[in-house]
Every structure is written in C-alpha cells, then in structure tokens.
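I set out to record what can be looked up in this structure, entry by entry.

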Amino acid sequence: MNSMSSSLSSGSETATTTPITTKIITIADLNNLKKDRTILIAGFPGPGLVGSISTSYIIDKLEMYQIAFVESHYISPGVIFIDGKLRHPFRLYANKEGNVCVLVCEAPIMMDGIHFVLDAVMDWAMKNSIEEVMVLDGIPVQGIPDSDRKTVILASENMEQSTNKEIKVTDDEVKKDNGSETEFAPDDGSNPQSNFNRKAIEDSTKKYTTFIGGIAGGLLSACLSNQIPCAAILIPSSSGIPDPEGASLLIESFNNFIKDNKLKIETSQLREQGQKLKKQLEQIIKAEQEQRAAAGGGGVGGSEDGNVPSHRLMYG
C-alpha cells in the first residue's frame with residue numbers, strides 16, 4: 001500500500017513539474033545568411049490580418065524557403081494547411097541571397113508565454129546576426145477603413161542612428177576621394193550600413209504617441225532591450241475582416257523604406273483582391289441597412305453605425 005502511495009505521489013510530482021519549453025528548430029542550412037546585412041520582417045495575425053497577409057505575400061514573391069519553426073507549449077496547438085502542405089503555425093523563412101528573413105505567426109500565443117516565445121526568437125536573431133527588424137501590423141478601426149488611409153512608420157532611435165552612420169561614411173569617402181566618384185566603405189562589418197532609407201524615416205510622422213501591444217509590440221520591445229534597430233509599418237485596418245488592400249499598402253510603404261531594389265515587391269495582385277473584398281463588404285453593409293430600413297431599424301444583428309454585424313465577420 002505504501003509503495004502504491006509512493007508511486008502515485010511520484011507520478012503526481014512528475015506531472016506537475018513537466019518543463020514548459022520554447023525552442024526554435026532549424027530545418028535548413030543557415031550558412032548562407034549574411035552576417036552583416038540580414039533583416040528580419042515579422043507579421044502577426046492582428047487587425048485585418050494585414051501582418052500575416054503581407055508577410056505571406058513577401059514569402060511568395062521573393063521565393064523564400066522555410067528555415068526553421070518555433071515550437072512552444074505557449075502556442076495554441078494546431079497546424080496550418082498552405083499550398084497543399086501541413087505546416088507549423090509559427091515559421092521562419094529566408095531568401096536565396098540570405099539577406100532577408102521573414103517571421104510569420106498564424107496561431108494565437110498565450111499571454112503568459114509571449115515573453116518566453118520572444119526570448120527564443122531574439123536569441124535566434126542575435127545568434128544569426130540579424131541587423132534590423134521590421135514589423136508589419138494593423139491599427140484597429142471600426143468599420144471599413146477610409147479610402148485615403150496612410151501608413152505610419154515608427155522607428156527606434158538606433159534605426160535612425162544607423163542610417164546617419166551610413167551617410168557619415170559616405171561623406172568621409174567623398175572627402176578622401178578629393179571630389180572623385182563616391183565609393184562606399186567595404187562591407188566588412190566595421191561600418192554597418194542600414195538596409196533602410198533614412199528619408200522614409202524622416203518623412204514618417206513624429207507626432208504619434210501610441211502604444212503597440214501584443215506579440216508585435218513585444219518583439220519591438222525585445223529589439224530595444226537587445227539594442228537591435230527596429231521599426232514598425234502600421235496601417236489602419238478593421239478587426240476581424242481580412243484586409244489584402246491594407247497589406248498591399250504596408251508592402252508599398254516597405255518598398256519605399258527598403259533600399260535594395262531586388263527586394264521591392266509588386267502589389268497589384270493584393271490590390272485587386274482588396275478591391276474585390278471591399279466591394280463585397282460594401283454590398284453586405286448596404287443590404288443590412290436596407291433590411292433594417294424595411295423592418296423599421298434595429299433588427300436582430302443590426303448595427304447602428306453601418307459596420308458589418310459580428311455574425312458576418314470573418315476570423316472574428
């Protein structure tokens with residue numbers, strides 16, 4: 001009897017002390033990653049799913065391949081079925097040139113585990129010499145966003161300093177050449193140069209005072225803690241309604257922000273998808289308004305402000 005009690009007690013202790021792990025598992029050779037100019041682009045399933053849509057589009061257009069995935073007890077169990085294949089919901093990709101990585105998350109992360117997941121991501125980023133981080137995300141708004149909505153670029157101080165340093169190096173080279181054609185300093189890591197256009201940062205509004213939360217804000221905070229230059233491109237987007245048009249605006253802003261022309265991405269396909277979806281939503285809203293008017297207003301599922309009722313929201 002005593003041995004049985006001891007066994008049960010031992011089993012109970014084992015069950016309660018099972019370690020909760022978070023790790024990044026590599027599935028491809030990382031030797032081709034550039035050790036001085038690699039950037040990380042991250043997108044998460046926030047408002048309008050613009051982060052997830054834009055990063056998935058970038059992965060497709062740059063013909064990127066999966067290099068790793070994040071495995072954690074804090075990520076909601078499940079898989080994603082994409083392009084005829086089952087995939088982990090939290091994945092890392094790289095392009096063939098090795099100068100761009102993309103982090104895409106398509107599953108919820110438990111709030112009490114976000115720090116553990118981000119610690120694993122940042123440890124991986126630092127070990128693989130990620131120089132700069134760009135987050136693509138949405139700003140939640142009610143109803144269909146305005147047709148003239150604009151993106152906002154919010155950058156860390158050291159992001160601007162790194163671009164300033166690049167300009168200083170260029171000016172020094174001009175002086176050294178005594179007026180001859182400018183030559184850039186050798187890319188040997190001693191003179192780090194930003195991948196991003198300094199003017200795009202300057203043109204971004206400096207008046208914003210805002211809070212970015214969730215996994216996107218957590219990643220930016222982790223970058224600040226580890227002194228990795230970072231920035232966010234944000235677009236107003238409806239919560240719960242997929243927004244490919246908003247994702248296209250994010251990518252177009254990214255095109256203005258990135259200096260390497262080979263990384264600029266054509267967005268007409270996303271634009272077309274966004275216009276079709278917007279027309280469909282407008283038709284749905286018009287039909288709802290007509291039904292409410294015919295019924296005297298205020299029917300079940302009605303919306304006084306013309307927004308799409310909650311029972312029609314996708315991914316809500």
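**Entry 1, basis.** I note that this is a predicted model, in which local features need pLDDT of at least 70 and side-chain atom pairs count only at pLDDT 80 or more, while totals for chains, interfaces and linings use all residues. Residues are numbered from 1 along each chain as its sequence is written, and side-chain values use heavy atoms, with hydrogens and water left out.

I looked up the secondary structure and found eight helices and 10 strands (DSSP runs: H or I of at least four residues for helices, E of at least two for strands, numbered from the N terminus). Of the 316 residues, 46% are buried (under 20% relative accessible area, with a 1.4 Å probe and protein chains only).

I looked up residues 114–127, which form H3 and reach 20 Å from first C-alpha to last. Its buried residues include Ile 114, Leu 118, Met 122 and Trp 124. The buried residues of H3 pack against strands S1, S3, S6 and S7 and against helix H6. Ser 129, which follows H3, has a positive phi near 60°.

At what angle do H2 and H7 pack? I found about 60°, with the axes 8 Å apart (axes are lines fitted to C-alpha atoms over the stretch in contact, and angles run from 0 to 180 degrees between N-to-C directions). The contact (heavy atoms within 4.5 Å) involves, among others, Ile 53 and Tyr 57 of H2 and Ala 247 and Leu 250 of H7.

Key
Buried < 20%, exposed > 50% of the residue type's maximum accessible area, 1.4 Å probe, protein only. Expected span 1.5 Å × (residues − 1).
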